[in-house]
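User: I am new to this structure and would like to understand the terms used for it. Please take me through them one at a time.

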Amino acid sequence: MGRLAAAVRAERDRAGLSLSELARRAGLSKSTLSQLEAGKGNPGVETVWSLATVLGVPFSALIDPPQPERALVRAGAGDPTRSDLADYSALVLSHSPPNVRRDLYRIDAEPGAVKVSAPHASGTVEHVVLIAGRARAGAQDDPTELGPGDYLRYPGDVAHVFEALEPGTSAVMVSQQR
């Protein structure tokens, strides 16, 4: 949690925003943001995305420490960020290096509540390759059903969804900002 706290504070300072202003723009209470910056609490993926969007940085800039040039992530390894609203988790597999705005995630989801994501920064595009199971993904008003091996590109700067239709659904997702 220390990495997230330090990253949010650094990005807030870089953006020249007060704690109150960032909280207001992100739709959080000032006390929630204060606790997060103090390294307390366990924010869900929605909270981290909201902060990243307001701060104009990729999701991974807030949660993922710098990575070595070579990395191996075994299936089932890592510490994913979980949704508070659906049985959905996102694990950053590779964050974008400086001056490149691309993050790579492994998504694991189970049937149940639909994971609805608020629009990300303007110009964001998401790419999904379904690995296992079945899912419905894409713009909230026009999602597409995917099977294993299917690829979908859709705008991430509009409300969008990911819904597992079978147990054990997993995908690789790339979030790219222009």
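User: What share of the contacts in the protein chain with a separation of 6 or more comes from residues 24 or more positions apart?

Analyst: Counting as a contact any heavy atoms within 4.5 Å, residues 24 or more positions apart account for 65% of the contacts with a separation of 6 or more. This is a predicted model, in which local features need pLDDT of at least 70 and side-chain atom pairs count only at pLDDT 80 or more, while totals for chains, interfaces and linings use all residues. Residues are numbered from 1 along each chain as its sequence is written, and side-chain values use heavy atoms, with hydrogens and water left out.

User: Why is the protein chain called as compact as a globular protein of its length?

Analyst: The globule rule is 2.2 Å times the number of residues to the power 0.38, and the radius of gyration is taken over C-alpha atoms. The protein chain, with 5 helices and 10 strands, has a radius of gyration of 16 Å, close to the 16 Å that the rule gives for 178 residues, so the chain is as compact as a globular protein of that length.

User: What makes a group of residues a nonpolar core, and which residues have the most contacts inside the largest one?

Analyst: A nonpolar core is a set of buried Ala, Val, Leu, Ile, Met, Phe, Trp, Tyr and Cys residues joined through side-chain atoms within 4.5 Å, where buried means under 20% relative accessible area, exposed over 50% and partly exposed in between, with a 1.4 Å probe and protein chains only. The largest such core has 38 residues, and V8, L51, L62, Y105, I107 and F162 have the most contacts inside it. Helix α4 (residues 45-55) gives the most to this core, with 6 residues.

User: What makes β1 and β2 a pair, and why is β2 called largely enclosed?

Analyst: β1 and β2 (residues 88-94) are joined by 2 antiparallel bridges, which meets the cut-off of at least two. T81 has A90 as its bridge partner, and R82 stands opposite S89. Of the 7 residues of β2, 6 are buried, so this strand is largely enclosed by the rest of the structure.

Methods. Helices (H or I, at least four residues) and strands (E, at least two) are DSSP runs, numbered from the N terminus.
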